[in-house]
Amino acid sequence: MKNAPIDGLAEGPALAAKVEAALASGLATDDPVISEAWVRYVQALRRPVSAVSFGDPSLKFHVSSPDAILSRAAAAATPSLAAYVERVSRVNPFYSALREAAQKQGKADDPHVLATLDRLRLVPGRGHAILVDVANAELMMLDDGNVVDRMKVIVGKPDFQTPLLAGTINYVTF
């Protein structure tokens, strides 16, 4: 959370300080402080993404209720709550790599980086997906957020740009 401003949560460092103080005290009465910080962080990561057409409306991000966010965390706590927090914070390998590089290079407030991170939040970290990198004219097939194959593709032109879209592929005909 200390670096959460790049994730869209400007008050992340202040929330991180409150969480650290709560964890240091070790009192059960501090649980609401930790829970509220987690809810705000997850809501920032899952906020709606603009400038993208959704061929499948179910792929749109919707702001989750605090109860839903905390219920998911509680359900995931069985193997390891720390691993769950890490996985959610990572978003996906593309997102975490760009976020880390931007922070190291002092570009955490670059509007181009922030816009790219915003779109990268749509890439699922689990399951199968296809991602088209328009800038490199390349399609990547993903499995659990990792590239398993790639190929060149034809993209738009400056006067007829490739649209940004998110959809579901139900079948493919060869």
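Me: What share of the contacts in the protein with a separation of 6 or more comes from residues 24 or more positions apart?
Reply: Such a share tells you how the contacts divide by distance along the chain. In this predicted model, residues 24 or more positions apart account for 49% of those contacts.

Me: Happy with that. Which elements does the protein have, and in what order do they run from the N terminus?
Reply: Start by listing helices and strands. There are five of each, and the order reads α-α-β-α-α-α-β-β-β-β.

Me: Now the sheet: what is the strand order in the open sheet of three strands?
Reply: The order is β2-β3-β4, and the pairing is antiparallel. The edges belong to β2 (128–133) and β4; each has a single partner strand, so one side of each is left without a neighbour in the sheet. On average, neighbouring strands here are turned by 20° against each other, direction ignored.

Me: How many bridges join β3 to β4?
Reply: Six bridges link β3 (residues 138–143) with β4 (residues 146–152).

Me: Where do the side chains of a regular strand point?
Reply: In a regular strand they alternate between the two faces of the sheet.

Me: How many residues lie between β3 and β4 in their hairpin?
Reply: Two residues, and D144 in that turn has a positive phi of about 50°.

Notes: Residues numbered from 1 in each chain as written. Predicted model: local features only at pLDDT ≥ 70, side-chain atom pairs only at ≥ 80, totals over all residues. Heavy atoms only, no water. Pairing = 2+ DSSP bridges. Helix = DSSP H or I, 4+ residues; strand = E, 2+ residues; numbered from the N terminus. Axes fitted to C-alpha atoms, helices over the stretch in contact; angles between N-to-C directions. Contact = heavy atoms within 4.5 Å.
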